[in-house]
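Thanks for coming. I will go through one structure, taking contacts, surface and core in that order.

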Amino acid sequence: IHPDTVRAGVRYDLLVQLQNTSQVAANLVTVSLDAANLTGARLLDPSQASQTIDTIPAASAARCLLLT
């Protein structure tokens, strides 16, 4: 979920929402943001470019936060 307007030099949070449409839980889901594919933004902490969600229950959603 990305803000509609982002101003130069202003920090914002990039919220990633994942939907598990399966009938079984999804385990150890990794969300990665490749800094090489960013245009006009940068990660505050490149070591936080990947996050793992332990479990997304069946037919549920999970979110993770990436700081840019």
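**Contacts, surface and core**

One salt bridge turns up in a search of the whole structure; the term means a side-chain nitrogen of Lys or Arg within 4 Å of a carboxyl oxygen of Asp or Glu. It joins the side chains of Arg11 and Asp13, at 3.5 Å, N to O.

Before going on: this is a predicted model, where local features need pLDDT of at least 70 and side-chain atom pairs count only at pLDDT 80 or more, while totals for chains, interfaces and linings use all residues. Residues are numbered from 1 along each chain as its sequence is written, and side-chain values use heavy atoms, with hydrogens and water left out.

On confidence, pLDDT is the predictor's confidence in each residue, from 0 to 100. The protein chain has a mean pLDDT of 87, with 97% of its residues at 70 or more.

Back to Asp13: its relative accessible area is 37%, so it is partly exposed. Buried means under 20%, exposed over 50%, and partly exposed in between, with a 1.4 Å probe and protein chains only.

Now the core. The largest nonpolar core has eight residues: Leu14, Val16, Val31, Ile53, Ile56, Ala62, Cys64 and Leu66. Such a core is a set of buried Ala, Val, Leu, Ile, Met, Phe, Trp, Tyr and Cys residues joined through side-chain atoms within 4.5 Å. β1 (13–19), β3 and β4 (61–67) each give two or more residues to this core, and β4 gives the most, with three. Strands here are DSSP runs (E, at least two residues), numbered from the N terminus.

Definitions and conventions. Helix = DSSP H or I, 4+ residues; strand = E, 2+ residues; numbered from the N terminus.
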